Each structure stands twice: as structure tokens, then as C-alpha cells.
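The structure comes first, followed by notes grouped by topic.

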Amino acid sequence: MIELKNIERYYPTGSLKTYVLRYVNAHIAEGEFVSIMGPSGSGKSTLLHILGMLDEPTDGEFWFLGEGVHKFNERRRTEMYREYIGFVFQAYHLIDDLTVYENLETPLLYKKVPSTERKSRIADLLDRFNMVAKKDLFPSQLSGGQQQLVGVARALIGRPKLILADEPTGNLQSPQAKEIMEVFKTLNREDGVTIVQVTHSEDNAKYGNRILHLKDGRVENEELVKH
Amino acid sequence: MLSSYLTLAFRNLRRNGSYLLINVLGLGIALAFCILSYTQVRFAYSFDQWHPAAERIFRVETFKTSNHLLHGTCPASLTEVAAREIPGLEAATRIDSRGVVVKLGENVFNQQVHFVDENFLDLFQFPLLQGQARLSDRDALLISEDMAHKFFGGESPVGKTLTLYADLEAQRKTMTVSGVFKNTPKNSSLQFQFLTHLENQLEGDKPIRYDSWKWFVDAGFLKLSNPADAPAVEAALQQYIAPQNAANQNWQAERYRLEALPAMAMNARDVRWNNLSNGIPPSAVWGNITVALMLLLTACLNFANTTISIGNRRLREMGVRKVMGGTQRQLMFQLLSEAGLVCVTALALGMIVVKPMTEWYNATWKHIDLHVSYLDNPPLLYFLAGVTLFTTLLAGAYPAFYISGFNPSKIFRGAFKFGGASFFSRLMMGAQVAISLAAVVVGFSFARNAQVQREADLGYAGDGILGVETQDLALLNTFNAAIRQNPKVLETARTRHHAGFNFRQTEFSWQGQKQESLWFEVGKDYMPLMGMTLVAGEGFSAVNEAVGSEMEVLVNEMFVREIGGNAPVIGQMLKFDTVSYRIAGVVKDFMTDSPFDPKSPVVVHCAPESKFTYCIVKTKPEDLAAVHADMETTWKALFPYKPFTGFYQSEVMAEALEVSDNIAMTMLIFAFVILLLTVSGLFSIVSLNALKQFKSLALRRVLGAKSGEIAFQLNRNYLMVIFGAILVGCWGGRFMALAMMNSIYKIHAGVQGQSLTMGVLTVLLAMLATVGVKLRQILRANLGDALKAE
Ligand SMILES: Nc1ncnc2c1ncn2[C@@H]1O[C@H](COP(=O)(O)OP(=O)(O)OP(=O)(O)O)[C@@H](O)[C@H]1O
Ligand SMILES: [Mg+2]
């Protein structure tokens, strides 16, 4: 599904180039659950942003589902967001002025999903996440864990093939973190959704099947998780 | 999708109350003024168009041979003859007028009476409220609603009688009111209070010969079967140049011209002897539009600026929406629909506010009568829809583009640079300051103009001057003798013409060339009494009461400059008709009429007593009112059949002053509104800028910076912009004020340095105060909190 070849990302600092990512090669197959780990500043978020097409590598090739991402224009990228990719953020990033229900509805509106189907999909997810009672509340009226559940639900509602999560549990207490991780695991196992997450926690990383260790912008080693 | 946008917009606005308030108020007032301007444009172009046959009615105007100028008058028999002889003409009608003394019981009034053909009301639509038209009845009189009220109070006037020509025994005529017509609308070139048949226009004791080529009527109209025939009819009319010129040696016509009724009022200002009323001055129309646009622009800039400054709260939402599959275009549409919601709310406010505004406007400008109504006025509704859309785009497009354009990766990293200090937003700030300064400068310039006009050197001593007018020399002399008995009366003088009231326009030959000037015929005591001074030569050497100063004239300084070519003119001759006059002296320029009229070359001639029509009275300024009252009592005691025609000389300047005062007032109100908007915009921008720099400012204070340095730090981005805005604003304001003054007045004070200085000071002070208030908040804030914040 994802093929990274010699990915580089640098920022110009004065006349020098500061490399944030260098010689990054990776292959992620459909149905994998990959965790990215590494010290602060090692380039994890940068890599995830590149995978999410929010940022572009300064060099190297990025193939997504067999297509070269460097050839994508704005429209194609928007299509990717609508059809294939879902994001989960550390800071949840729900839209404050929308209720839980409306937050979940937004991606479907962009996807032009018909109203009856929207209703049934949202109802399903709310049910699955035990949030039916909360559907008319605003994000500020939810706990952090609940907000992140909505964040995950929102990422799922468009039925993406790939979920990108940057420290999804970074702001949460461990029981809530565990709940989110369980959701990811089920998604991966039962629905076959590919997941790439950035995490600082060994425990969370173990939910996946593979761990990429990043250091100073390079993939230092890869570790398969034994279950 | 749209409904979801609107829900969101609504919630978002509810959270930002003061933002909403400022913008709805600003845009609302601006839109209200757009509605007013629109209504006024429609009013200005609605003159005479409401007559059902307007398209087919044409006024016959005449070019005069000697100066090629267009005159509104028309030979009395022309339209009648043309209607008989030229094919394609359905009807002809004429209107003429004169001042007539109208008497009811003990009350006598000078009234303008209009004389028309029988078919006048067939061509023009002036609905009757009571009675019948009966214009064919020579004893019937139609009066307006206002006159019905003035003469008869609440009673029905139909069937009652009024005496016309009450002051002239030979002509005195009792007429029966046959009907009352609705007051002529203000968007009518034809304005009248009394209407009767042409034959009631008398000269001496005989009706005027309206079948003669010698007499001119105020206006002659032709009704064509087909308006497309107008060029052919106009060509055919030229055959009547010959009979007219043969009959009237003194006034040679060059060419007749047809003016379409709907276009008449707009062109009336270029027509001499236009005895119909003029339309709205074009300057009032475009001045208003300019102001409306300035207001709208300021409100839009303010809207854009404040939208951007609260927009940083929306950035995260924008980023999230993008990664959920929203395109920038969709995001822009969302933000624009929010702007649209604000504009529509503002429009609702504007549509309400414009009502009292129109009332104020109508009260300020007496010749204007605007009505704003919506439901029966589809063009206005289209206009409003258009203007609201335009405003939404103008105010919303840039912020929408700006806010929706951020790269989500940067937003999520929090690494964006944002808001207040961006170049564009400073530019918008500058534009606002420039616009408000321009408005302030125009306001101050007109206020100053009013003041200058009030104190202007008229070239005569206007203080303490009163007068009375009558065509009857015997009365004039009787009155003159009587009023001189009043010890408060210092002097009196009799004269034919009187500065500010009347004069003649004449042509004469000067060194073989045709020239034109104003011609004042005065009595021998007139110039000394008026305080007009001789700057060269001598006064009239000898005055014979029977013939005046036969062969001598004085000229004014303007005459010396423009006609005399600055060469010595004393002793030179000018030839008028067959008589030659020697220039004896030069008088200082004086205001011949009012500031609305140009300065012109003037010839002053000492007229014989037989021509006198004015008795001018001089008193001490503090006795003015008392003497005026005594003049009225004396007059009424002497001539019960004559309306008292007394006046104060100050009336000459009154209208010009009122216009100046009104414009100054109007402009200062606008300036105030615009300034308020600008200041509120500035406040929100400084807040944003301050917020961004809060931490660094707090640090600086901890490190020992003084308030002044902090103020500079906070505002240095704006100093250059404001400097530029001041230059542009002064220039723009000066340009606008001059353009307006030039189009209104022929004599005005221009834009003086002090108006510019005061304007700049006012705007700067308002801005400094704003920044000051904000700064105080910042400097008083708890330093610890500031450092902890973020
Ligand atoms: N716009 C930028 N300009 C210059 N350097 C940048 C920019 N954005 C990120 N960096 C640098 O790139 C490096 C990698 O950043 P990144 O956010 O990917 O780290 P990370 O591994 O996610 O760290 P953390 O675990 O703290 O989130 C950092 O050293 C950061 O300073
Ligand atoms: Mg990171």
C-alpha cells in the first residue's frame, strides 16, 4: 500500500540544510498496523505528515496504492482524504462549534453521502462506541477520552483504508488510552484497516504488528511484534 | 451543506458578540446610506417621468443668436402654430407665470400664479382632490392643497372666491375656486400653486396676446404622436425662426430645439431663463453616492480586518476540514456564507435605519422628497440583493481566501504566522484611516466655508440693511417718506436694481466687440448707502432725477480685468443699443447675487426716478428687527391692498449658508461614523497584535523597558501606514471637497490649510486614544499572568 524510497525532508536554516528525515525507506502493506517510535525531534510527526500528504518530501519517492504521490494535485489529494485516509490527532481537533453528531457528519458531507446513509452510518458508529447519549453534546462537554473516541469515530466514518494517528493517546490517562488502542486493534483485525501510529509508549506500540524506530531522521531499525 | 454552514456560522457569531455588533452596525449604516443614495438617484431621474404621456411630450427651447445659448422660454404663438401646421403633432400646451397679489378678506399675499392652456391637464397629470378643473372657464381658479389650507383653513374652498390683482384697481378680478389639486410632487419641473387660463395673464388691463411672436411664455410643450418623429418635428420647427425674428428685433432666435420631457430636469441647469424648477443638482447625487461608497468600503474593510483577526480561532477547524476532504473552495464558500449572514443581518438593520434617515434627509434638503418602500419596489429589492452580494464578496472574499489558504501541516504544528501585522491587513487599516480622514476634511472644509461665507466681504455693507420692493413708484415714494420718520432709520435710498435681488443681463459693444455683463441701474443715494466704494475715477458727475446720469456709467474691477483687459478704462466708451456711455469710475467688486452665482463684470448706471422699484433702508444692526417691524406696520397702514414685501439683506446669503452648514453637518456625521468604524477596527487589530506580542512585551517590561518604548514596539508597524494614509486622506478629502464646492458654488472658500490640519489632528487623536486605551490594559496587566500565558 505504501512504498517510501529514499525519502528526504530538510528545512533550510540560513544557507544550511537541516535534515529532519533522510534515507527513509519503508514498505507498509495493506492490513498492517505499524507503530513509529523514536526520541523527540527524531522526525516522527514529519514522516506521518508526509504519509498523510500534508507535507511533501524534498526528495525521494512516495507511492500510495501504486500511484506516485508527487504527481498528485490538490484535487487528487482531497480525493485521498475523502476516500482512503483518516486522521486521528493527539489534541483531538474536533470542531468546537459542532456537536458530536455534526462532527461525525462533516466528512460525509464532503463525500456527498446521501442523508439516509449518513444517518445510519453515524448511528452505527455511535452505537459501537457507546456514545449515543452524547450525540448532541459539544466537544467541550466531553472528557478527553470521549473526545478522542469521537476523533477516532470521525476518522472511521468515511470508511478509510488507512488511518494515521499522531500520538492518539498522548493526552490521555492509561485506561482511556487502552480503550482507544483496543478500538484500533479491532479495526485492524476485523475491518482490515491499515493503521500507522506515532507513539511514545512501548505498550501502545505492541498493539501493532511492526515498529519502526526513528532516530535523527533515519529508520534505525525495524522490529516485528510477536503476539 | 449550506444549512450546516449556516448553523455553524450562527453558533460562531453568537460566540463573537462584539465582532457581530461592530460589523452589523457598520455595514448596516453603510447599507442604509446605499439605499438612501439609490433612492435619491431614482428620485433625481424620476423628474416628470410619471406623466403618462411623458415619452411623447417635448419642450420647445430656443438658442439665442447673439450668444448661442439655450433658453427655456418659447415664443408664445410657436407651439400653437406648429401644432396646426406640422404633421405628427397631437397637441400643444403652454405655461406662463407671474407674481400676483391675491386677496381674501383682509389678507393679501404675493403669489406666483401660473397661466395655462385649456388642455394643460390633459397632457400633464396633476390629480384633483376636490372640485373640477374647468380651465376653459375664464373665471375659474385651481389652487393647491397648500393654498387651500393657507387661505381657507379647514373649510372646503370649492365655490369660494379670491381676488386676483388686488393691488391694481383696473385689473382686479374675482375668481371662483373650481377645484383643489394635490400639491405638485417635488420631482416635478412644473411647480405651481395657482392655475388658471392664459387669458387671465394681464398686461395693463388687457390680456396678453398669446398669439403674438413677440411675447415669450415660460415654456411651450408639444405632444407628438410618435416620439421617434422628434428630429423631423424639430427640423420643421425651424421654419418659424423667420416670423419670430421679424417680430422681435431685440431677441433674435437662432434655432429651436426639442427637449424630451423626461430629460428636461437633468439638463435644466444648462438652460437660461428656465422658469421651471431645476432637478436635483448632479453634485448632490454623486456626492451622496461617493459618501455611500466610502462608508460601505470602510465598513467592508473593517469587516475584513476583524474577520481575519478573529479568524485564527478558526484555523484549526480549517485544517481539520481539509484533512476530512474539504477543498479550499468549499472552505471559502463556508466562510463566505458566514460573511453573507452578517451582511444580511446588516441589511435588515439598514432597511430599518434608512427610514428615520430619510426623514432627516428630507427635512434637511427641502427640494428632496424621498420615500423608501420595499414590497412594491422590485428594482430596489434587486439593488439590495446585488449590493448585499457585492458587500459579502468585498468584505468576505479576502478573509475567506486568507483563512482557508493555510497549509494544514503548519496549522497542526502551530507554526503559522498570522493576522494583524500582515502587509495586506495594514494596507486595509491605512485605507480606512485615509477614508475617514477624507470625510473629516470634507466636513471641516464645508464648516469653514460656511464660516467664511458668513464673514465674507460682500463688497457692500450688508449689516443693518433692509428693503422693500414695489412696482408702483407712487407707493414707493410714499413709503420712503413715511419710513424716514422713524428715528432709527439712518438713511434710505431708492433704486431700480438691488444687489442680491435683481439686475439685468445686457449686451453692449466695447471697442467694436460684443460683450456681455450685468447691468445695475441704481438711484443716486444707493451706492453710498450700501457702502460700495469707488476704487478709481469719480462717481456720477451730475444726476438729473428725470433721466438719471445720462451718459456716465461705473464699472467694477472684474469688468476692468475681463473686458477692459486690465488697461485703463476710465474715459472709454461703451455702446448700448444706440446710446454711448462714458466710464467715469471703477467700483470695488461686490456680490451681485449669491455665492451660487459667478462673479461677473458689472456696469452701474444711475437710473432715473421713474424706474425705481426698491426702497432700501439702513439702520443700526441692533435695530434691524424693530425697523423691520415698523416697516411692516407702516406699509400695512398705508397700503392695505398690498402684501408687504419687506426683506432683510441677510436673506441673500441665507440659502448659501444653509447649504454649507447642511453639507458640513452631513459630512461630519459620516466622518464620525467612519471614524468610529475605523477606531473599532484599529482596536481589534491592536488587540490581536498585542496578544501576539504579549509575552515578549511582558518580558521586555521585566527586563526594564519603558511604556513609551513598548508603545513604539507595539505600533511601529503602523506608523508608516498611518503616515501614508494621512497624505492620501488629505489629498482625497481636498479633492472631494473642492469638486463638491465647485459644483455647488461659484464663490467659495476652497479647502484651507486649517481644515486639513484639524482633520489630521482629529483622526490622529481618535486613533491615539484607541491605542492608548488598549495599551493601558496591557501595561496594567499582571506580568506574571502574561508570562505564564500561552
Ligand atoms: N518548520 C520547521 N522549520 C525548521 N525545522 C522544523 C520545522 N518543523 C519541524 N522542524 C524540525 O524537525 C524536527 C522533527 O520534528 P518532528 O515534529 O517531526 O519531531 P517529532 O519526532 O514528532 O518529535 P516529538 O516527539 O517531540 O513530537 C525537529 O527537530 C524540528 O525542530
Ligand atoms: Mg511529534
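An oxygen atom of ligand 1 is 2.7 Å from an N or O atom in the side chain of A:Ser45, a polar contact (a pair of N or O atoms within 3.5 Å). Taken alone, ligand 1 exposes 630 Å², of which the protein buries 62% (Shrake-Rupley accessible areas, 1.4 Å probe). The model is predicted: local features need pLDDT of at least 70 and side-chain atom pairs pLDDT 80 or more, while totals for chains, interfaces and linings use all residues. Residues are numbered from 1 along each chain, chains are lettered from A and ligands numbered from 1 as written, and side-chain values use heavy atoms, without hydrogens and water.

**Ligand 1**
- Ligand 1 lies between chains A and B.
- The ligand is surrounded by 13 residues (a heavy atom within 4 Å), and the closest include A:Ser40 and A:Gly41.
- A polar side-chain atom of A:Lys44 lies 2.7 Å from an oxygen atom of ligand 1.
- For A:Tyr11, a polar side-chain atom is 3.4 Å from a nitrogen atom of the ligand.
- Helix α1 (residues 44-51) of chain A gives the most to the shell, with 3 residues (helices are DSSP runs of H or I, at least four residues).

**Helix α3 of chain B**
- The buried residues of helix α3 (residues 78-85) are B:Leu78, B:Thr79, B:Val81 and B:Ala82 (buried means under 20% relative accessible area, 1.4 Å probe, protein chains only).
- They lie on the same side of α3(B), because they cover an arc of only 165 degrees around the axis (taken from the directions from the helix axis to the C-beta atoms).

Conventions
Polar contact = N/O pair within 3.5 Å; in protein donor to acceptor, adjacent residues only side chain to side chain. Helix = DSSP H or I, 4+ residues; strand = E, 2+ residues; numbered from the N terminus. Buried < 20%, exposed > 50% of the residue type's maximum accessible area, 1.4 Å probe, protein only.
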